[in-house]
Amino acid sequence: MNRTIRIFATSDLITNQRVHRTASSLTKAGYRVILTGRKPSGIKSNNSFPYKVKYIRCLFSKGPLFYFAFNFRIFFSLVFSRFSAVYANDLDTLPGCWFASIFRFKPLVYDSHELFPDIPELIGRPIKRLIWRITERMFIRRAKFVFTVSESVAVELQKRYNVNPIVVRNTAVKREIEAFKDKRPTLIYQGSLNKGRGVEVAIDMMKFLTCYRLVIVGKGDVEIELRQRMLDQKLFDRVEFAGRLEPDDLYRLTCTAWIGLSLEEDMGLNYRYALPNKVFDYIAAQVPVFVSDLPEMRKLVSDYGVGIVASSRDPKMLADQVADFFENKELMESVAKNVQKASVELQWSREEFKLIDPIKNLLN
């Protein structure tokens, strides 16, 4: 029996840890996994993974022609391959995976990392947004299983398409890397530098935190604007851009921070229902979190007592919250204990069975 699972993603395979966790878990469960994604510019294939990684080169890097070309390549890479299931990460790989699964009579699995038609980049673009909604409605019901990242997203997908998603949270893989806290109170943001992620307000907040340091890790569409914002406010002694890091290097840096930021704006349902990877990465590194007052993040902080929830979007008020937190030694000690406890409970090894068991049942 062929036990090959083909996984596809258009995202950056260097930094998309959910995709790699999925591939690693399925490999550990005894499947032959081939992960295929966009070819990163200037990056060579990484042969250290326990599964095979392939890259697709496209003439176009974004827009409708990119998505069409990428899904076209997905389809033809599967038509002449032997595999037992196809696994689509996010809506932008679903059409090609769907057509191939129909053509080859193979099961399709869909992992919805977000409410794709509600991403900030589509806000104010009703025609493009409608096209993605129609695309998801057309193809999602073919999937034998639909996975997603939070209860709120699952409820919304069920409401829209009458499917029953399985929630697999983006909890982190435990890493045995020793690191020590920075002597200077350090805030960290890790993730994409895109619209609505709250990095702007984090930079503005540093005007009022004279003895603190903010480290920003990641790349994205608004990086140049963010760097200019830092320079305009003369915060080059308090704000540092670390670029894109490998997972182990990122974990080592995160461990040195005093608090981790996830200050997404409420720009539609996608961010409102978000439960970002970085929140779990902070907890895994035993770093308290400072999150937006949005349902899923607020609930996580409330349930586990692992940090503080933003009371507003005003930089001065946010800075005051950070300062008050660090000055309250009793609260800091309590949160530190809770984070240590949560770092054991919120591990990928305790979450991955929600993904592996359904696929095992499907393929056996």
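Student: Which residues touch the most other members of the largest nonpolar core?
Tutor: In this predicted model, they are Leu187, Ile203 and Phe290, and the core holds 57 residues.

Student: Which helix gives the largest share of this core?
Tutor: Helix α12, residues 315-327, supplies the largest share, with 6 residues.

Student: What does Phe290 touch?
Tutor: Leaving aside residues up to four places away in sequence, Phe290 touches Met205, Gln321 and Val322, among others. Its contacts also include Ile259, Gly260, Leu261, Ser262 and Leu263, as well as Ile308, Val309, Ala310 and Leu318.

Student: How many residues are in the other core?
Tutor: That core lies apart from the largest one and has 31 residues, including Phe8, Leu91, Cys97 and Tyr273.

Student: Turning to the sheet, what is the order of its strands?
Tutor: The sheet is open, with 6 strands in the order β10-β9-β8-β11-β12-β13 and parallel pairing. Strands β10 (239-243) and β13 (307-309) are the edge strands, each pairing on one side only. On average, neighbouring strands are turned by 20° against each other, direction ignored.

Student: And how many bridges join β12 to β13?
Tutor: Strand β12, residues 289-291, is joined to β13 by 3 bridges, and the two run parallel. Val291 stands opposite Val309 in β13.

Student: Which strands does helix α11 touch?
Tutor: Helix α11, residues 295-304, packs on the sheet and touches β11 (259-262), β12 and β13. The direction of α11 makes about 140° with that of β13.

Student: What about helix α8, which strands does that touch?
Tutor: Helix α8, residues 247-255, also packs on the sheet, where it touches β8 (186-190), β9 (213-217) and β10. The direction of α8 makes about 150° with that of β8.

How values were computed: Residues are numbered from 1 along each chain as its sequence is written. This is a predicted model: local features need pLDDT of at least 70, side-chain atom pairs count only at pLDDT 80 or more; totals for chains, interfaces and linings use all residues. Side-chain values use heavy atoms; hydrogens and water are left out. Two strands pair if DSSP finds at least two bridges between them. Helices (H or I, at least four residues) and strands (E, at least two) are DSSP runs, numbered from the N terminus. Axes are lines fitted to C-alpha atoms, for helices over the stretch in contact, and angles run from 0 to 180 degrees between N-to-C directions. Contact means heavy atoms within 4.5 Å. A nonpolar core is a set of buried Ala, Val, Leu, Ile, Met, Phe, Trp, Tyr and Cys residues joined through side-chain atoms within 4.5 Å. Buried means under 20% relative accessible area, exposed over 50%, partly exposed in between (1.4 Å probe, protein chains only).
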